[in-house]
Amino acid sequence: MNALNPGDCHVFEAGGRRHVYLAPSAAVMAMDEVSSAVLDALADRPRSREDVVAELSARFSVSELNESFDDLLKIRALRPVSEAPKRVPKILPLTPLPLSTMVLNVTNQCNLACAYCYEYGEDKIVQTDNGRQPKWMSEETARASVDFMLAESGRTAHLTFFGGETLMNFKVLQTTVNYAKSRAAEVGKLIDFSLTTNATLLKPETIEFLAENDFGVTISIDGPADLQDKFRVFHNGAGSYALVEPKIKDLIARHRSRPIGARVTLTRETLQVRRIYDHLTNNVGFHEVGFAPVTAAPGRPHAFGDDGFESVLAQFRDLAGDFRDAAIAGRHHGFGNVRETLGEIHRGASKAWPCGAGFGLLGVSTGGDVGLCHRFAGSDDHKFGTVRDGIDRDVQRAFLDSHHVANKTDCEACWARPLCAGGCYHEAHTRYGTTERPNLHYCDWIRGWTDTCLTIYAEIAEKNPAFLRRFEGESDEAPQAS
Ligand code: SF4
Ligand code: SF4
């Protein structure tokens, strides 16, 4: 008799019902009592269908049980022990994919000296002091970048300005926006602008410019003064909170056409998710707050300790519960990490690569080198070409081939792979010295967080499905530059 195992899926409970997330199709399904009992019976050890049917026949009819087995086998929620797990198919794009987002590093200089910044210190990838990458992007390089982007993009192009501190090169940012608008109109494409800034250089005229040009703005900020001033300091060690808070409030008051988001870096010393969220939304006025654990090699003073991810997960779960309650009641909640993952679940995202880096998203260095993403722009690692000469398609194809999730043995067997696919290349590079390895140090965190979001998704789908429609037109390709 052929024994069966649970297959390529994750069973979870939401709103008093069992559900299953199917990795091969990235679908979420509510289970009936029969299927749920069958999967429970197989949870601990492989067993034959006959054995399970005999055990459960006091609760369900034999035909119900057999029908359930057939269905579960069909959707690959069950797998015969004798069959090898199915390999993830490796399908590479036949023609180059359109560029959705170009991140322009307009400077690699910064007026802050945040102790955890990946642009500085021992984890730095891009060498900016060897003269090969200028400190400031020139107007000529920025224009060439816009031409490159419009040549590579589909009908809509997202242009994101980044640094260093982006606003230190505000002059080039301004002229680039004007050039991009007129060039986009000439070639009949739509263009959209965003930037990430530390807010220290916001002034009335800068705010006016951002509002007039409908910029999507993300502010890097770590919370109330005592947390912000631990790491986000000027070169003389002075904290930045007192300077940025009134500037951010001015920006939020003037720029109403697009919601302003906060991006928080969590370190072992600032793990206070709810306090940070409450402060940034209630006291400062941000519409949305997204959190990211610091990227750091193990042993760095700000890197998470052994229980760091566990603590973040518990705090995220708590705040995610508020998001769920608000969504069910039809109210806004600004916990950005949940919104992003719910959107991916709703659209059935099934990633062959962890993010759009290398195809939908590319980073451009101050000198015009095209890199994997903004964190690699200017590095010889994963340079894909230049804005003047275009993309080397062989290099790009080789990258997509060698970084496909099908190459990551652990990920192939993981139910969370449709949403994770191995995780951020920059994190992997910092941790393991190569972008090809999956980030196995945070699998428990990823799976725990994915389980939380699946649960919340199923609860919202049950109680207020209309809420989820907002995710339908969005794209999964390009993560926010941070
Ligand atoms: S990195 Fe870990 S959690 Fe992510 S897909 Fe791979 S095995 Fe799963
Ligand atoms: S997730 Fe990582 S690799 Fe992808 S764009 Fe962001 S920083 Fe770059």
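Predicted model: local features only at pLDDT ≥ 70, side-chain atom pairs only at ≥ 80, totals over all residues.

**Reading the chain**

Modeller: Residues are numbered from 1 along each chain as its sequence is written, chains are lettered from A and ligands numbered from 1 in the order in which they are written, and side-chain values use heavy atoms, with hydrogens and water left out.

Biologist: How many helices and strands are in the chain?

Modeller: Helices (H or I, at least four residues) and strands (E, at least two) are DSSP runs, numbered from the N terminus. The chain has 16 helices and 16 strands. Its radius of gyration, taken over C-alpha atoms, is 24 Å, close to the 23 Å that the globule rule (2.2 Å times the number of residues to the power 0.38) gives for 482 residues, so the chain is as compact as a globular protein of that length.

Biologist: What percentage of the residues in the chain is buried?

Modeller: Buried means under 20% relative accessible area, exposed over 50%, and partly exposed in between, with a 1.4 Å probe and protein chains only. Buried residues form 55% of the 482 in the chain.

Biologist: Which residues of α11 are buried?

Modeller: They are G336, N337, V338, T341, L342, G343, E344 and I345. Since 8 of the 11 residues of helix α11 (residues 336–346) are buried, the helix is largely enclosed by the rest of the structure. Contact means heavy atoms within 4.5 Å. The buried residues of α11 pack against β4 (27–30), β12 (288–293), α10 (308–328), α14 (417–420) and α16 (443–463). Just after α11, G348 adopts a positive phi of about 65°.

Biologist: Why does L210 count as buried?

Modeller: L210 counts as buried because its relative accessibility is 0%. This residue lies in helix α6 (residues 204–212). Leaving aside residues up to four places away in sequence, L210 touches L195, L202, F215, V217, L251 and H255.

Biologist: How many disulfides does the structure hold?

Modeller: A disulfide is a pair of cysteine sulfur atoms within 2.5 Å; the structure holds 0 disulfides. C373 counts as buried at 10% relative accessibility, and C420 counts as buried at 16%.
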